[in-house]
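Trainee: Could we go through this model together, starting with the whole chain and ending with single residues? I would like to see how each answer is reached.

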Amino acid sequence: MSTRYRLIELLADGQFRSGEWLGRQLGISRAAVWKHMRVFSDFGLDIHAVPGQGYRLFTPFQPLSADLIRSPLSASVSSRLDSLEVLREIDSTSEYLKRTRSQHKASGFRACVAERQSSGRGRRGRRWVSPYGTNLYLSLAMQLSKASLRSGGLSLAAAVAVLRALQDCEIADLGVKWPNDIFYQERKIAGILLDLSGESSGPFFVVLGIGINLKMPESAAREIDQPWADLSQCGVKVDRNHLAGTILEALVQAIDTFGEKGLEAFIDEWNEFDLLSGRAVELHYDKQPMITGIARGIDANGAILIEKNGVTSRFNAGEVSVRVA
Ligand code: BTN
């Protein structure tokens, strides 16, 4: 691990550490410690520097560890996870798995998590704000046959898996906003990004990217352009590594079920979590309002059903976005 990341981990518990002590641990000068501190604010880390006391992190964090993430996994899921990498810093965990696709075996899964993403991607070309050490940025790659993807809706099944994992960690009052945004009290707390690539004849290479806000530092929060929430507001103390493992377990199991039965196996549960059902919504196409109506859940392919003047129409996620009217 580079000096910079060792330095961050020495501050992870949120206690004050003097520049001299930090320098001694790392074999660098106090001036070099101070130079690193200046870079940390670009990482979204809020550093508190007090003359005579030293430095501390405003938001303590628990460093990610592959061993701790693996510990809640069942033996069968763990054996199928060919690699689980902890990255300190990366552009995007999903891009990383795509770039290293040649390491992928035909069956099996590869996963990675990162402490920070410099270019975290959201849906619809948005940015996913990904400061160091506080939230969860996780991607899972696999190959799936074209047949198993036929019904569409894999990202909706993944949303159900993430909701199950969050419930296992005793986080309540969560819901899903079509197609796969996870909300807490009308504010987005987690998002899912699905990347599919492949030849029409062969299997698809699939990367599921999951971003969950655990504790958003103030400086990073200012960059988010939509109402957001984080798990610290849900009143539950969450162990990041345990949560990452619980999510991986739920995702792999959900992907198996999806491969066998398609979205059908998830529709009832998805509908139970549906935040829009029965509410007046406005659909947008290319950012322009297109239709308003009442949301009536999803169909077998994951399309949203909208009722207007007694007629129900379906719309696909790739084409439209939805807002509460
Ligand atoms: C959304 O816009 O709702 C999707 C957000 C997905 C963010 C995650 S974080 C891990 C993975 N890497 C990325 O660059 N994006 C996804």
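Predicted model: local features only at pLDDT ≥ 70, side-chain atom pairs only at ≥ 80, totals over all residues.

Trainee: How many helices and strands does the chain have?
Mentor: We take DSSP runs numbered from the N terminus, counting helices as H or I of at least four residues and strands as E of at least two. On that basis the chain has ten helices and 14 strands.

Trainee: What is the radius of gyration of the chain, and what does the globule rule give?
Mentor: The radius is taken over C-alpha atoms, and the globule rule is 2.2 Å times the number of residues to the power 0.38. The two values are close, so the chain is as compact as a globular protein of its length. For 325 residues the rule gives 20 Å, and the radius of gyration of the chain is 21 Å.

Trainee: What percentage of the residues count as buried?
Mentor: Buried means under 20% relative accessible area, exposed over 50%, and partly exposed in between (1.4 Å probe, protein chains only). Among the 325 residues of the chain, the buried share is 51%.

Trainee: Turning to the rings, how many aromatic pairs are there?
Mentor: Rings of Phe, Tyr and Trp (its six-membered ring) pair if their centres lie within 6.5 Å; planes under 30 degrees apart are stacked, over 60 edge-to-face, and the rest tilted. The count by this rule is four aromatic pairs.

Trainee: Is the pair of Phe43 and Tyr132 stacked or edge-to-face?
Mentor: The ring centres of Phe43 and Tyr132 are 5.9 Å apart, with 15° between the planes. Phe43 lies in the loop between α3 (30–40) and β1 (47–50) and Tyr132 in the loop between β4 (109–117) and β5 (136–144), so the pair ties together parts 89 residues apart in sequence. Phe43 is buried at 6% relative accessible area, and Tyr132 is buried at 0%. The Phe43 and Tyr132 pair is stacked.

Trainee: And which kind of pair do Phe61 and Tyr132 form?
Mentor: Here the centres are 5.9 Å apart and the planes at 80°, so the rings of Phe61 and Tyr132 are edge-to-face. Phe61 lies in the loop between β2 (54–57) and α4 (66–70), so this pair ties together parts 71 residues apart in sequence. Both Phe61 and Tyr132 are buried. The kind of pair is edge-to-face.

Trainee: Which side chain does the side chain of Thr93 make a polar contact with?
Mentor: Thr93 is found in helix α6 (residues 93–99) and is buried, with a relative accessible area of 3%. A polar contact is a pair of N or O atoms within 3.5 Å; within protein, one must be able to donate a hydrogen and the other to accept it, and residues adjacent in sequence count only if both atoms are side-chain atoms. At 2.7 Å, the partner of Thr93 is the side chain of Ser139.

Trainee: Lastly, how far apart in space are Leu305 and Leu275?
Mentor: Leu305 lies in strand β12 (residues 304–308). Leu305 and Leu275 are 30 residues apart in sequence. In space, C-alpha to C-alpha, their separation is 13 Å.

Notes. Residues numbered from 1 in each chain as written. Heavy atoms only, no water.
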